[in-house]
Amino acid sequence: MLSVLIETMNDEEGLARTLASLIGGAVEGVVRDVIVCDNGSTDQTHRVAEHAGCHYVAGGIATGIRQAKGDWLLLLEPGARLSEGWIDELVAHTGRQTMPARFARARGSRTPFLARVFSGNRALAEGLVISKRQATALSKSARSAEAIARGLATRRLNAEIWVAPSK
């Protein structure tokens, strides 16, 4: 079982797009719970989360990790969308009890090489699949989902993600 955590602030539209891409995982019984970790939004983020049946947490990612029910966590940025086929790949990966993993960028979501070199890389752009145990340990010193994802050695999943647009 998987818990999905989305750390957000004032991105209700992006949150709605991300939640829509998770419906298949919920129907298949792979997604156990979705936790929206809000960092002080002033828009309607809380309403989007509540209407979608998510757990809404006013606080950082560490609070969300503590409340997650799954043994594996999927950390996503609001606005990211998982492509078809992600469920089977994720189930296979978590069944092997291996290291953290990231999705491959969808072809239409890839940025040119020089643009990647000269722009700031977002560690969560490709999402992050991580065990709850490892995420809990990392969250003690990291203040955000981005900080948890930065610098981790990961495996590349054979499933695609449409990356959230830069802000």
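**Labels and their grounds**

Guide: This is a predicted model. In it, E2, helix H3 (residues 45-51) and E3 form a right-handed β-α-β unit.

Visitor: What makes that crossover right-handed?

Guide: The test is to view the strands pointing away from you; a clockwise path from the first strand over the helix to the second is right-handed. The unit of E2, H3 and E3 is right-handed.

Visitor: How do you know that E2 and strand E3 (residues 55-58) pair?

Guide: Pairing needs at least two bridges. E2 and E3 have 4, in the parallel sense. Ile35 stands opposite His55 in E3.

Visitor: What about strand E1 (residues 2-8) and E2: how many bridges, and in which sense?

Guide: There are 7 bridges between E1 and E2, in the parallel sense. With at least two required, they count as paired. Leu2 has Val31 in E2 as its bridge partner.

Visitor: Why is strand E2 (residues 31-38) called largely enclosed?

Guide: Because 7 of its 8 residues are buried, E2 is largely enclosed by the rest of the structure.

Visitor: Which residues of helix H1 (residues 12-21) are buried?

Guide: Gly14, Leu15, Thr18, Leu19 and Ser21. Down the axis of H1 they fall within an arc of 160°, so they line one face of the helix.

Visitor: Why is Glu146 called buried?

Guide: The cut-off is under 20% relative accessible area. Glu146 has 18% relative accessibility, so it counts as buried. Glu146 lies in helix H8 (residues 145-149). Its contacts include Glu7, Glu77 and Arg122.

Visitor: What makes the link between the side chains of Glu146 and Arg150 a polar contact?

Guide: The limit is 3.5 Å. Their side chains are joined at 3.0 Å, so the pair falls within the limit.

Methods: Residues are numbered from 1 along each chain as its sequence is written. This is a predicted model: local features need pLDDT of at least 70, side-chain atom pairs count only at pLDDT 80 or more; totals for chains, interfaces and linings use all residues. Side-chain values use heavy atoms; hydrogens and water are left out. Buried means under 20% relative accessible area, exposed over 50%, partly exposed in between (1.4 Å probe, protein chains only). Helices (H or I, at least four residues) and strands (E, at least two) are DSSP runs, numbered from the N terminus. The arc is that of the directions from the helix axis to the C-beta atoms. A polar contact is a pair of N or O atoms within 3.5 Å; within protein, one must be able to donate a hydrogen and the other to accept it, and residues adjacent in sequence count only if both atoms are side-chain atoms. Contact means heavy atoms within 4.5 Å. Lists of a residue's contacts leave out its neighbours within four places in sequence.
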